[in-house]
Amino acid sequence: MPALQSLSLSPADWWNHAVLYQIYPRSFADSNGDGIGDIPGIISKLPHIADLGVDALWLSPFYTSPQKDAGYDVADYCNVDPIFGSLSDAEKLIETAHEYGLRIIVDVVPNHSSDQHPWFQKALAAKPGSRERARYMFREGKGVAGDLPPNNWESVFGGPAWTRVAELDGSPGPWYLHLFDASQPDFEWKNPEVWELFRSVLTFWLDRGVDGFRVDVAHGLIKAEGLPDEEKLHHPPLGNNGPFWDQEGVHAVYQEWRKILESYGPDKMLCAEAWVMPLAKMAHYVRSDEMHQAFNFGYLATSFEAEALRSIINESLAAFGGVGSPSTWVLSNHDVVRHATRLGTDFVSQGQPTGIGPRSPEKPDALLGLRKARAATALMLALPGSAYLYQGEELGLPEVIDIPDDRRKDPTFFRTHGERYGRDGCRVPIPWEAGAPAYGFNTTGESWLPQPQAFAELARDNQVGDPDSTLELYRSLLRFRNQEGLGKGSLVWLDGFSSDVVAFANGSVSVVSNTGEQPTARPDGEVLVTTTALGDEMIPAHTTVWIKTA
Ligand code: GLC
Ligand code: CA
């Protein structure tokens with residue numbers, strides 16, 4: 001365990017090659033036993049995160065919120081929800097993370113607030129045409145009585161993206177836009193007051209020492225002039241089709257934010273959640289005067305197949321390299337089916353997924369999924385640039401499929417009347433100790449989503465010290481990644497392998513991923529890491545090896 005105070009923080013452009021570990025506070029560690037993870041819980045587990053070998057943390061929202069969308073519905077951007085702790089707990093977390101040598105970035109949610117935000121409450125109480133209403137996107141309805149929504153936009157979570165309000169005297173009023181749940185009204189980003197609000201949110205957290213922000217729905221803030229109907233030819237849940245995604249005007253926001261960050265020093269960063277394809281368009285968000293990085297969702301959505309992988313890696317290096325930024329890499333987060341399950345099915349992940357549940361057609365193969373996930377992670381962590389890990393993937397956690405309908409929480413499930421399961425399956429509280437209540441998530445056994453029995457075997461304490469475990473695999477990968485400088489390195493494709501193989505050199509490490517069913521020949525050299533046991537001179541199916549060549 002690293003000693004407190006003894007670590008120094010990485011250099012100013014740390015994000016370019018960092019491994020960031022995403023903590024989803026509700027499901028990480030619960031200190032008071034109410035079944036919901038909290039900040040004191042996170043602080044108590046920081047030694048384990050430092051020990052894993054990552055460079056930084058990203059925390060999903062812990063702000064004051066009615067939790068209609070698990071905290072992405074913010075009622076006060078500058079305070080902590082009591083279920084997660086207090087503002088001083090958050091300050092202590094930032095300080096303690098730094099003492100462990102971990103940078104820490106937090107979420108900022110600028111596209112929408114909660115309907116419980118004082119601004120929205122005031123807007124509801126105010127008159128049409130008032131200053132209070134002008135902070136959100138209120139519009140008159142269509143039809144003679146205005147009882148049809150202003151346009152045909154749909155919520156990402158299903159159902160219409162508009163909800164009608166009643167005026168104070170009870171008469172029917174205008175509609176407000178919500179690209180997500182009805183409890184998440186979209187801000188009007190043409191209003192300077194909204195710009196001012198978010199300036200103050202950024203400085204509030206920068207003043208408390210955060211190292212940067214993950215920007216939620218970064219591609220959604222500005223909507224097309226006149227709010228035209230969407231052409232519903234292609235509608236990937238979070239793609240860039242549609243008059244509400246990736247409008248040119250969003251970039252001015254991040255150009256200003258970058259200046260705010262720079263006024264705090266050269267080591268503060270912004271990461272875009274922008275589901276924008278192709279990557280060359282996503283790369284606009286990380287031009288030298290905007291954000292510092294963007295989640296590479298093109299990579300996340302790629303299956304574990306050699307040709308597809310080579311092509312997305314080339315596309316990523318070209319797109320982000322083209323704007324002078326290393327790429328990021330990511331396989332899992334709190335919105336998608338965990339990759340240990342995804343790679344064991346034909347499930348195609350695109351944006352906010354339909355999820356997998358008991359009635360889904362996909363019947364994932366758990367063993368194959370985990371085997372491919374280990375190989376996929378080893379490939380990812382060898383790539384130059386920065387990588388994001390999602391809590392629990394280091395334990396090889398699968399998506400939890402058997403969540404009873406009456407325990408589900410994702411608004412997607414309710415807004416689609418159960419047609420789409422949504423994201424609860426990747427958000428189940430993670431297991432720390434096989435034999436403890438709630439597998440060590442707390443001491444009472446409470447858990448806001450039910451944990452499956454399979455978590456016993458995968459609990460952290462069962463994996464520590466077992467060289468075949470996924471936890472020890474991650475630790476080795478991160479150790480060698482650091483030691484060999486892979487994040488700062490560069491990629492040279494290696495020839496002479498079968499078409500099912502992805503092979504490249506990064507410095508003096510050769511990385512060979514056999515994505516196929518047949519064993520393939522292994523190059524000479526010392527094996528640093530392998531994702532499945534090696535019997536002979538071959539690399540087995542669905543296996544990645546790192547080989548030291550010089
Ligand atoms: C982002 C978040 C997701 C949330 C949505 C609305 O996509 O990652 O969890 O539901 O934005 O804020
Ligand atoms: Ca708690």
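**Figure 1. Gly487 in the loop between helix 14 and strand 14.** In this predicted model, Gly487 is placed in the loop that lies between helix 14 and strand 14. Gly487 counts as buried because its relative accessibility is 10%, and buried means under 20%. Apart from neighbours within four places in sequence, the residues in contact with Gly487 are Asn16, His17, Leu383, Pro384, Gly385 and Arg481. His112 lies 375 residues from Gly487 along the chain, and the C-alpha atoms of these two residues are separated by 34 Å.

Figure 2. Strand 14 runs antiparallel to strand 15 (residues 501-506), and two bridges join them. Within this pair, Trp493 has Phe504 of strand 15 as its bridge partner.

**Figure 3. Strand 2 and its parallel partners.** All the residues of strand 2 (residues 56-59) named here are buried: Ala56 and Trp58 point one way from the strand, whereas Leu57 and Leu59 point the other way. Strand 1 (residues 19-23) runs parallel to strand 2 and is joined to it by four bridges. In this pairing, Tyr21 stands opposite Leu57. Between strand 1 and strand 2 the chain passes through helix 1 (residues 39-52), forming a β-α-β crossover that is right-handed. Strand 2 also pairs with strand 5 (residues 103-108), again in the parallel sense and over four bridges. Here Leu59 stands opposite Val106 of strand 5.

**Figure 4. Ser86 in the loop between strand 4 and helix 2.** Ser86 belongs to the loop that lies between strand 4 (76-80) and helix 2 (87-99). Is this residue buried, partly exposed or exposed? Ser86 counts as partly exposed because its relative accessibility is 28%, and this class lies between the limits of 20% and 50%. Pro40 is 46 residues from Ser86 along the chain, and the C-alpha atoms of the two are separated by 9.4 Å.

Figure 5. Four bridges pair strand 7 with strand 8 (residues 172-177) in the antiparallel sense. Ala166 stands opposite Pro172 of strand 8.

**Figure 6. The crossing of helix 4 and helix 5.** The axes of helix 4 (residues 192-207) and helix 5 (residues 250-262) cross at roughly 30° and come within 11 Å. This crossing is right-handed. Helix 4 contributes Trp195, Phe198, Arg199, Leu202, Thr203 and Leu206 to the contact, and helix 5 contributes Ala252, Val253, Glu256, Trp257, Ile260 and Leu261. Of the residues in this contact, nine are nonpolar, one is polar and two are charged.

Conventions: Residues numbered from 1 in each chain as written. Chains lettered and ligands numbered in written order. Predicted model: local features only at pLDDT ≥ 70, side-chain atom pairs only at ≥ 80, totals over all residues. Heavy atoms only, no water. Axes fitted to C-alpha atoms, helices over the stretch in contact; angles between N-to-C directions. Left-handed = near helix turned anticlockwise from the far one by under 90°. Contact = heavy atoms within 4.5 Å. Nonpolar A, V, L, I, M, F, W, Y, C, P; charged D, E, K, R; others polar. Buried < 20%, exposed > 50% of the residue type's maximum accessible area, 1.4 Å probe, protein only. Pairing = 2+ DSSP bridges. Right-handed = clockwise from strand over helix to strand, strands pointing away.
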